[in-house]
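Please read it beside the sequence and the coordinates.

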Amino acid sequence: MRTRDNTKELLVKEVACEILVQEGFQGFSMNKLARACGISVATLYIYYQDKDDLIRKLGIEIGKAYYTEMMKDFSPDMSFKEGLRKQWENRSRFAVNNPIKVKCHEIIRTSSHNDYVMRESMVDLKSIFGLFIRNAVERNELKPMSREVFWSIAYGPLYALLRFHHEGKSIGNVEYKLSQKDLNEAFDLVIKALC
Amino acid sequence: MERQPRILIFKTNIQTREQKRAIASLLNSQVSIESWTIDQEDEDCVLRIVGFAVDKGEIIDLLKKQHFDCIELH
């Protein structure tokens, strides 16, 4: 009887991410994935029911890894500035170290699988960040504002810098690599805008 | 150690919703089958059967009687 092989399973996930990033959903098939991994289609179906099952599991796994990283040394009781800085550190570290996974997660999040993937991977995250914001507003560390405006200002600049970094270039095709100096500068401006 | 169910994988030509419906009642009535799925988006229309006492010969016979191709994939 065939059993699951963890090394093979890791390879499958890695290659699936690469195919999704390079070719999107249209170019992705179980047959192509099996060929790219050098395994039989049957082996792939031992791990996953079908393409949708694979994509959902991949999205949930990356999501959980990302959210675990977000929570590292973070507490909703932290001061707003300290907590948001920790979020910038955690999010940028994960994004810089896992560029393909992050891109793959973005692709899955813009698909019809998004609701399922978010529901399964986020779990407590919403309430933790909700509490963090409420605490900050109660302590007069943060101006009251809508969630959308908050997110755009608090994280928009971070994700814009990370996008430049992943593309290797910024506006006007200028070569770009993310630096701690740029992160600090952008973070200080975000704090000025929010507090 | 916890007993693991067997997973059998078949290449088929069950391509349409109607064809899937036709085999669904047959597969659902098999006590040896815990669950089954068919990937109709894949070019091999892969049928995946999970069960503790599933027998590949029985599955192949079952589908052949309904005039479907059914080849076990290894």
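## Terms and basis

A residue is called buried when its relative accessible area is under 20%, exposed when it is over 50%, and partly exposed in between, as found with a 1.4 Å probe on the protein chains only. By that scale K56(B), at 41% relative accessibility, counts as partly exposed.

This is a predicted model, in which local features need pLDDT of at least 70 and side-chain atom pairs count only at pLDDT 80 or more, while totals for chains, interfaces and linings use all residues. Residues are numbered from 1 along each chain as its sequence is written, chains are lettered from A and ligands numbered from 1 in the order in which they are written, and side-chain values use heavy atoms, with hydrogens and water left out.

## Chain A and a residue of chain B

Chain A holds ten helices and zero strands, where elements are DSSP runs numbered from the N terminus (helices H or I with at least four residues, strands E with at least two). The C-alpha trace of chain A spans about 60 × 40 × 25 Å along its principal axes, and buried residues make up 44% of its 195 residues. Of the contacts in chain A with a separation of 6 or more, 69% are between residues 24 or more positions apart, a contact being heavy atoms within 4.5 Å.

In chain B, K56(B) belongs to helix 2, residues 56-65. Apart from neighbours within four places in sequence, K56(B) is in contact with L8(B), F10(B) and E72(B), and its C-alpha atom is 14 Å from that of P5(B), 51 residues away along the chain.

## The largest pocket

The largest pocket has about 1300 Å³ of space, and among its 42 lining residues R91(A), R109(A), W151(A), Y155(A) and Y159(A) lie nearest its centre. Helix 9 of chain A gives the largest share of this lining, ten residues.

## Nonpolar cores

A nonpolar core is a set of buried Ala, Val, Leu, Ile, Met, Phe, Trp, Tyr and Cys residues joined through side-chain atoms within 4.5 Å. The largest has 31 residues, of which F80(A), L84(A), W88(A), F150(A), Y155(A) and L194(A) touch the most other members. A second, separate core of 30 residues includes I62(A), C104(A), I9(B) and V46(B).

Leaving out residues up to four places away in sequence, W88(A) touches A154(A), Y155(A), P157(A), L158(A), L183(A), A186(A), F187(A) and V190(A).

## Cysteines

With a disulfide taken as a pair of cysteine sulfur atoms within 2.5 Å, the count over all chains is zero. The sulfur of C45(B) has its closest cysteine sulfur in C70(B), 12 Å away, which is too far for a bond. C45(B) is buried, with a relative accessible area of 3%, and C70(B) likewise counts as buried at 3% relative accessibility.

## Positive phi angles

Most residues other than glycine have a negative phi. D73(A), which is not a glycine, has a positive phi of about 55°; D73(A) lies in the loop between helix 4 and helix 5 of chain A and is exposed, with a relative accessible area of 59%. N173(A), also a residue other than glycine, has a positive phi near 60°; N173(A) sits in the loop between helix 9 and helix 10 of chain A and counts as exposed at 58% relative accessibility.

Key. On a 1 Å grid over the protein atoms alone, a cavity is a set of points where a 1.4 Å probe fits but cannot get out, and a pocket is an open set with protein on both sides within 12 Å along at least five of seven lines; lining residues have an atom within 4 Å of a point. Grid points are joined across faces, edges and corners, and a volume is the space filled by probe spheres set on the points.
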